[in-house]
Structure formats: structure tokens, C-alpha cells
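Here is a short briefing to read alongside the model. Take a look at the structure first, and then we will walk through it topic by topic.

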Amino acid sequence: MDEFKKYISQHRHQLDMDEPGFHLFEQIEKRLNPAKPKVIPMIFKWAAAACIILMAGFGMYKLFVKQSPTTPAIVVSKPIHKIDSSNNLNDGVESQLPMDLGEPDNSVAQVNPKFKPADKQINPGKTQLPKTSSRNDQPVDPMFAAFSEMDRSYATMVSLQIEKVKGTPIYAEDAGYFHVFKKQFQDLTNDEKVLKEETKKNGITDDTISRMISIYQEKISLLKQLQFEINKMNNRLTTTKNDIRQKQKPTYINL
Amino acid sequence: MDTDQHILIATVRNAGNGDAQARAKLYSLFSKAMFNICFRMVANRENAEDILQETFIIAFSKIHQLKDEQSFGGWLKKIAISECIRFNKKGFKWTELSDNYEETPEDDNASWLHTVNFEKINNEIKQLPEGCRQVFNLYAVEDYSHREIAGILHISESTSKSQYHRARQLLKERILKHQVLHG
């Protein structure tokens, strides 16, 4: 062994004067033990998914399911109507009893106390609909309903006949010539008023209905007879005195 | 067997079982020596650190294959040298030296080295050309034979000897020149 090699070999540890960086071991460990991804237990994943599904379902339920009306509808008591005596009957059950038929009358009738108007539950802004099964509705008397229907029908017929008579010009005589008819019609109207008031006080009976029907029939018959007389007189004047018809102004009867 | 050897054996076994503290212990025991080998072989600090990392990663990965725990140091050095040679093989070609340096002059007692500090010697070794630096480190520092060096570097023994003599001559010239210039 040469001296050079021998000298170097004997003092080789003195040649080790350099040191590595401090970070090297950390890098070595990182490469030996790479960071493992966090493993979330499957049960937690399922629990999270279940929570999300429940929350989504609850949100959708709240959003789309129509809420049942929890607030009670506004209760409005139907006001008591003033009743037209001649041809009208009015009460709280308006939807079932047609009103305002026939000749208007100034007298004020009262509601039949035996038939209380049903308090209807109405929503503001909405059309009031008749309720047949509401717990606040009192049962409607079928006789009263029939009486009202009859009254309406006859009142309509009377009104039509009245209008027809009113619109017929009278040439032969003046309107006063037919005052008899007018008085008879007025008497029948008075009878009608009395009968209606009697009905409100005592209720509707078969006799009441029969009498009311008779009154209406007599009215209609009277009006037809009046129409006939007017037409007959006008026709007689037409055949005999044409020039008078042309010169004389027609009159109209007012009932 | 002394205590240190027992400790070494236990540490190597624990490191083989994946004990991070045992690995840290082995690193603290051998990292400086291995780093200096690598630094002298490749003559570059960054490259030496990279090779050191690879050396310990390979060692810790295969430590369970080591049967004799006491020979961990020597086994680790072989790994480090192998990694250095593998690194130096990239872009390097051995050239046969034309000069005949097979024989060492008998009268060279290397007395001139005794006045030189080891830091200077260490630096000059790193300045040697790549081929003769490897041979010099393996032969003069790590005490490999030329036959072993020839086997490791895949060169002939004569090439190994020639490279060593060249390295020795260059070291002497440069160190003496430095002493003349700087005293």
C-alpha cells in the first residue's frame, strides 16, 4: 500500500466534514409512508345521505303540498232583506228562494220568523254558495220553498200581462174608461198583501197557497179581460171611424 | 458483542418492523458518513442529497431482507456507492489513459500530505475529474481493491489503476501549488 493511500485511509473520518440537510429524513419518511386518504366509514356516508334525503323530502313537502285551510272562514251573517210584499218573499236563504218577482210594492214585509235565515259562511271576495250540509244552516221548509216558487212564477206572469196592457194604446176611450178593471186589480193586490202578511205571521198552509193562487189567477184573468176589452174597442173604432184613430192621440192605462 | 452492537441490532430489527423511531435512529447514525461518500463521489451537494435519499429509501424498504443486522453500515455503504455509480454513469464514458500509471513510485512517502489540512484535501478530491475521482474515492477512501473497482465500474483493473495514479498526481500538484501560492 502506498503511503498516500495509507495516509488517506487512516484519516478518512476526518474527511467526513459535510452534513446533509435536516429536511432529508422528513422527505424520506414521506416517501416511505405516503399520506393515506381519510377513509370515512361507510355508515357515516349512509347517515349523511339519509339526512340529506330527509331534509329534501321535508322541504318538498312543505313547498308543494297544499296546506289545508287552518283558518276558519269568515262568518258573515246574511243581512235581513226588506221584502217586496206583492210578489216577493225574502228570507235569509236567498240562494234557494228566488226574489224580486212581479210588480214592485212599497210596503215592507218582515221575514217570516218561523224560518230563520241560515247564517252562511262566506269567504270575502268569493261568491256565496248555498250549503246544504252546513251545521249552521237550518232546514228549509219545502212548503215555504214551494210557496216562494209559486209566487215568483205567478208574479212573472202578472208582470208580463201588466206590461202588455200598459203598452197597448187606447184610441176609443181614455184610460179612465177602464177604471173598473183598475179598481178590481187594486183590490186583488191588496188581498195579496194581506195574505202575505198573514202568511208571515201564521206560516204557510195549504189554504194560504190556495188563496194566493186564486189571487194570481184572478189578476191574470182580469188583465186578459182588460186587454180584450181594449182590443175590442180599438178594433171597433178601426172599422167604423178610421179618421178618428188617426187624429186622436192614444192613451195608456197605468196599473 | 458490546452494547452498541446490541443497540444497533435491535434498532435495525425495529426499523425492519416499520418503527419510525428506529429508522430515525439509523439515519442519525449513518447519514453523515453516507452523505460524505456521495458528496465525494458526485462532487455536487444537491445531487449528493438526492442520492442519500434514495439510499435510505432503498435501505429501509429492503431492511427486512438483511439477515445480519450488525452489517447494516456496510450494507448501507454498498447501496450508497451503487447509487453514486449509477448516477455518474449518465453521460459519462471511460477513456483509457495513455500514460502508464500502473506502478506507484516507491519513494513517494506522501510526506507532503501531512502539512495539508483535511478540508483542503477533501475539496481537492471533489475537484478531480469524474473518472479518476470515482476510482480514487473507492480505492483510497473506501478501501476497495482495483479488482473490486473494475467489477463495480465495469472497467479493467489497469484502467482503475491508471485512474488512481492520475488522481493522486493531480491531487499532489494542486495541493502543492496551493501551498506555494498561499503558504
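## Val12(B) and the two-chain contact

Once its neighbours within four places in sequence are set aside, Val12(B) is in contact with Leu26(B), Ile63(B), Leu66(B), Glu69(B) and Phe72(B). Please keep in mind that this is a predicted model.

**Around Val12(B)**

- Val12(B) sits in helix H1 of chain B, which covers residues 3-16.
- Is Val12(B) buried or exposed? Its relative accessible area is 3%, which is under the 20% cut-off, so Val12(B) counts as buried.
- One of its contacts, Leu26(B), lies 14 residues away along the chain, and the C-alpha atoms of Val12(B) and Leu26(B) are 7.4 Å apart.

**How much the chains share**

- Chain A brings 26 residues to the contact, and chain B brings 43 residues.
- Between them, chain A and chain B bury about 3200 Å², and carbon and sulfur atoms account for 62% of that area.
- Which three residues supply more than any other three of the area that chain A buries against chain B? They are Phe4(A), Tyr7(A) and Asp18(A), with 22% of that area.

**Polar and charged links across the interface**

- There are 8 salt bridges between chain A and chain B.
- In polar contact across the interface of chain A and chain B are 17 residue pairs, with both residues at pLDDT 80 or more.

**The chain A side of the interface**

- Helix H1 (3-10), helix H2 (12-15) and helix H3 (24-32) of chain A are the elements that give two or more residues to the side that touches chain B.
- H3(A) makes the largest contribution to that side of chain A, with 7 residues.
- By type, the residues of the side of chain A that touches chain B comprise 10 nonpolar, 7 polar and 9 charged.

**Cysteines**

- How many disulfides does the structure hold over all chains? The count is 0.
- Cys51(A) has a relative accessible area of 45%, which falls between the 20% and 50% cut-offs, so Cys51(A) is partly exposed.
- Cys132(B), in contrast, is buried, with a relative accessible area of 1%.

Terms used:
Residues numbered from 1 in each chain as written. Chains lettered and ligands numbered in written order. Predicted model: local features only at pLDDT ≥ 70, side-chain atom pairs only at ≥ 80, totals over all residues. Heavy atoms only, no water. Contact = heavy atoms within 4.5 Å. Buried area = accessible area lost by both parts, 1.4 Å probe. Salt bridge = Lys/Arg side-chain N within 4 Å of Asp/Glu carboxyl O. Polar contact = N/O pair within 3.5 Å; in protein donor to acceptor, adjacent residues only side chain to side chain. Helix = DSSP H or I, 4+ residues; strand = E, 2+ residues; numbered from the N terminus. Nonpolar A, V, L, I, M, F, W, Y, C, P; charged D, E, K, R; others polar. Disulfide = S-S within 2.5 Å. Buried < 20%, exposed > 50% of the residue type's maximum accessible area, 1.4 Å probe, protein only.
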